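Colleague: I am new to this one. Could you show me how to read it, feature by feature?

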Amino acid sequence: MELDEYEKNAVRELSESVNLAIEKSSRVANAIRYLRELGYEPNLTLKLEIGLQEIIEDAEEPQDIELELTDEDLRTLRRMKISLE
């Protein structure tokens, strides 16, 4: 997908906003401070991937799909507090 300058700026703004939110988070700061108190210097690397999908106004109604999930898939979803309803 080719983005024009306005779209690139919007994506850049989102990326910078996420970075700023993490930097300013008191919860993150407290977790880092706690690790330092325990004698560790945290090295945090986050990878942010932004995917875009165009909104199509005349899209058809979404159709039901069937997923074949293993028991391990279901356990993982439960641990992530994701329910299938």
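Colleague: Let me start with one side chain. Is R79 buried or exposed?

Modeller: First, a caution: this is a predicted model. To call a residue exposed, look for a relative accessible area over 50%. R79 has 56% relative accessibility, so R79 counts as exposed.

Colleague: Which residue does the side chain of R79 meet in a salt bridge?

Modeller: For a salt bridge, look for a Lys or Arg nitrogen within 4 Å of a carboxyl oxygen. R79 pairs with E72, at 3.6 Å from N to O. E72 is partly exposed, with a relative accessible area of 40%. Shared partners then join E72, R75 and R79 into one salt-bridge network.

Colleague: How many salt bridges does a search of the whole structure find?

Modeller: The search finds 4. One of them links the side chains of K8 and E5, at 3.8 Å from N to O. Check where such partners sit in the chain. K8 and E5 both belong to helix α1 and are 3 residues apart, about one turn of the helix. K8 is partly exposed, at 33% relative accessible area.

Colleague: What is the N to O distance between R36 and E41?

Modeller: That salt bridge spans 2.8 Å. Read the exposure of each partner separately. R36 is partly exposed, with a relative accessible area of 46%. E41 counts as exposed, at 56% relative accessibility.

Colleague: Now the overall fold. How many helices and strands does the chain have?

Modeller: There are 3 helices and 0 strands. Reading from the N terminus, the order is α-α-α. Next, compare the radius of gyration with the globule rule. The chain has a radius of gyration of 20 Å, well over the 12 Å that the rule gives for 85 residues, so the chain is more spread out than a compact globule. The C-alpha trace spans about 55 × 45 × 20 Å along its principal axes.

Colleague: Which residues form a nonpolar patch on the surface?

Modeller: Such a patch joins nonpolar side chains within 5 Å. Here the members are I65, L67, L69, M80, I82 and L84, with about 610 Å² of accessible area together. Take L67 as one case. L67 lies in the loop between α2 (26-37) and α3. With 59% relative accessibility, L67 counts as exposed.

Colleague: What about backbone angles? Which phi does K81 have?

Modeller: Start with the general idea. Most residues other than glycine have a negative phi. K81 is not a glycine, yet its phi is positive, about 60°. K81 is found in the segment after α3 (71-79). K81 counts as exposed, at 76% relative accessibility.

Colleague: One more, at the other end. Where is D4 found?

Modeller: D4 is in the segment before α1 (5-24). Look for contacts between a side chain and the backbone. A polar atom of the D4 side chain lies 3.0 Å from the backbone nitrogen of Y6. D4 is partly exposed, with a relative accessible area of 38%.

Colleague: How many residues apart along the chain are D4 and E16?

Modeller: They are 12 residues apart, and their C-alpha atoms are separated by 18 Å.

How values were computed
Residues are numbered from 1 along each chain as its sequence is written. This is a predicted model: local features need pLDDT of at least 70, side-chain atom pairs count only at pLDDT 80 or more; totals for chains, interfaces and linings use all residues. Side-chain values use heavy atoms; hydrogens and water are left out. Helices (H or I, at least four residues) and strands (E, at least two) are DSSP runs, numbered from the N terminus. Buried means under 20% relative accessible area, exposed over 50%, partly exposed in between (1.4 Å probe, protein chains only). Patches are made of residues with over 30% relative accessible area and no salt bridge: like charges are joined within 9 Å, nonpolar side chains (Val, Leu, Ile, Met, Phe, Trp, Tyr) within 5 Å. Accessible areas come from the Shrake-Rupley method with a 1.4 Å probe; for residues, only the protein chains shown count as cover. A polar contact is a pair of N or O atoms within 3.5 Å; within protein, one must be able to donate a hydrogen and the other to accept it, and residues adjacent in sequence count only if both atoms are side-chain atoms. The radius of gyration is taken over C-alpha atoms; the globule rule is 2.2 Å times the number of residues to the power 0.38.
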